[in-house]
Amino acid sequence: MSCSSQPAVPTLRTVTVSYSELKDKDADLSWKIEEGFGPNGLGILSVQDVPGFSSLRRDLLHLAPRLASLSEEVKKELEDPDSRYNFGWSHGKEKLESGKLDMLKGSFYANPILDTPTTDAHLIQRYPSYCGSNIWPDKALPELEVAFKALGKLILDVGLMLAYHCDQYVSKGKKMHESQSLEQIIRHSRCPKGRLLYYFPTQESNCVKDAESMSSWCGWHTDHGSLTGLTCAMYTRDAVEIPCPDSAAGLYIRTRTGQIVKAVFGEDEIAYQVGETSEILSSGYLCATPHCVQAPKAKEASCLDRSTFALFMQPDWDEKLNFPEEVHIHKELIPANGFLTFGEYTEKLLDKYYHLKM
Ligand SMILES: O=C(O)CCC(=O)C(=O)O
Ligand SMILES: [Fe+2]
């Protein structure tokens with residue numbers, strides 16, 4: 001069986017910054033930030049040479065197939081319907097672009113810095129996906145908690161350094177209120193969320209229909225929060241790590257000019273993408289990045305799985321967002337005084353998408 005191929009799409013290397021440059025608060029990285037995240041940028045930027053990153057990445061990504069192969073009974077115990085499966089194990093709960101349930105991948109969600117961000121029952125009920133508690137497979141896969149927290153914290157620390165330089169860049173272009181600082185917003189947040197993703201091996205029978213689509217493994221979307229850290233994915237066949245045999249598989253991005261490109265970065269780099277909330281708060285100086293993931297095609301795909309990790313850095317549910325006057329997306333959700341907490345803002349957005357209260 002063969003899959004029809006899609007028109008050639010350029011493959012672009014991410015803009016890179018070294019860890020030592022990023023650590024230096026006096027370094028002027030504005031042009032790099034602009035090249036990565038600005039209005040004409042690719043929308044992704046990666047950080048090289050982060051001490052300890054490579055082994056923490058491997059340690060965690062190797063656990064994704066092991067987690068996915070635990071018994072259904074054990075995985076069920078790791079589910080949290082109250083948070084709409086935003087903590088613990090989630091498989092077949094989210095919808096694909098087609099409206100069908102997403103059976104292609106399983107995710108494990110946890111907050112890498114706080115196991116229980118609050119004990120306030122009212123808050124937990126109001127914002128379950130931010131305020132809920134972690135669920136770890138203590139008996140079935142005890143290594144997961146340690147590896148997840150270690151990688152999540154590292155990506156968060158490096159993300160804070162990057163956010164500092166993003167603030168420097170934005171404040172060169174516009175007057176920035178202190179409360180709009182990306183670094184401060186991320187630093188004050190009690191609810192960063194890590195997502196360990198496991199893409200199950202593609203079935204040949206799915207191929208002809210799905211592989212033509214660029215978003216065959218993960219649909220087009222922009223992340224909702226502030227900044228997302230991403231690892232380079234690991235592909236395995238029969239539990240052996242191999243380089244991805246299909247060069248067209250992987251992460252795709254829609255650039256500011258509407259061009260679609262395949263974005264690549266090294267195994268030893270942490271990539272960062274801008275979320276929608278940062279685009280709004282920076283009045284578009286930092287632009288959110290639409291992205292999707294393409295599955296490998298039939299011949300190459302057999303028995304090939306993909307594991308990766310994303311860290312969603314987002315404001316605290318209680319963070320008062322100071323929206324600039326000239327908001328260009330979701331304008332109708334912002335009250336006249338320009339203030340809303342991130343928790344309230346997220347609720348309004350969900351209502352908008354689900355047409356509940358609009
Ligand atoms: O699998 C990937 O590389 C990206 C995942 C992603 O975009 C997400 O979880 O929001
Ligand atoms: Fe994403």
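1. Let's begin at the ligand, keeping in mind that this is a predicted model. Three strands, β6 (193-199), β14 (291-294) and β15 (304-313), each supply at least two residues of the shell around ligand 1. The residues around ligand 1 are Arg195, Leu197, Cys218, Asp223, Leu230, Ala233, Leu251, His291, Val293, Thr308 and Ala310. Sorted by class, this shell has seven nonpolar, two polar and two charged residues.

2. Next, please look at strand β13 (residues 270-274). Five of its five residues are buried, so β13 is largely enclosed by the rest of the structure. Ile270, Tyr272 and Val274 point one way from the strand, while Ala271 and Gln273 point the other way, and all are buried.

3. Which strands pair with β13? One is strand β3 (residues 44-48), which pairs with β13 in the antiparallel sense over four bridges. Here leucine 45 stands opposite tyrosine 272. Strand β8 (residues 227-230) also runs antiparallel to β13, and four bridges join the two. In that pairing, leucine 230 stands opposite alanine 271.

4. A word on the open sheet of five strands, whose order is β1-β12-β11-β14-β7 and whose pairing is mixed. Its edge strands are β1 (11-13) and β7 (218-221), each of which pairs on one side only. On average, neighbouring strands of this sheet are turned by 35 degrees against each other, direction ignored. As a reminder, strands of a sheet pair through backbone hydrogen bonds, either parallel or antiparallel. Leucine 12 has alanine 263 in β12 as its bridge partner. Strand β14 belongs to this sheet and also contributes to the shell around ligand 1.

5. Now for the largest nonpolar core, which has 75 residues; Leu60, Leu151, Cys166 and Ile270 touch the most other members. Helix α8 (residues 143-173) gives the most to this core, with 13 residues. Leaving aside residues up to four places away in sequence, cysteine 166 touches Ile33, Phe37, Leu182 and Leu286. There is also a second, separate core of seven residues, with Tyr127, Tyr130, Cys131 and Trp317 among them. Ile270, named above for the largest core, is also one of the buried residues of β13.

6. Two backbone angles deserve a look. Arginine 84 has a positive phi of about 55 degrees although it is not a glycine. You will find arginine 84 in the loop between α5 (72-77) and β4 (88-91). Is this residue buried or partly exposed? With 14 other C-beta atoms within 10 Å, arginine 84 is partly exposed.

7. The other angle belongs to serine 283, again not a glycine, with a positive phi of about 55 degrees. Serine 283 lies in the loop between α11 (276-281) and β14. It has 18 other C-beta atoms within 10 Å, so serine 283 counts as partly exposed; the cut-off for buried is 20 or more.

Note on methods:
Residues numbered from 1 in each chain as written. Chains lettered and ligands numbered in written order. Predicted model: local features only at pLDDT ≥ 70, side-chain atom pairs only at ≥ 80, totals over all residues. Near = placed C-beta within 6 Å. Nonpolar A, V, L, I, M, F, W, Y, C, P; charged D, E, K, R; others polar. Buried ≥ 20, exposed ≤ 12 C-beta atoms within 10 Å, placed from the backbone. Pairing = 2+ DSSP bridges. Axes fitted to C-alpha atoms, helices over the stretch in contact; angles between N-to-C directions. Core = buried A, V, L, I, M, F, W, Y, C linked by C-beta atoms within 7 Å. Contact = placed C-beta atoms within 7 Å.
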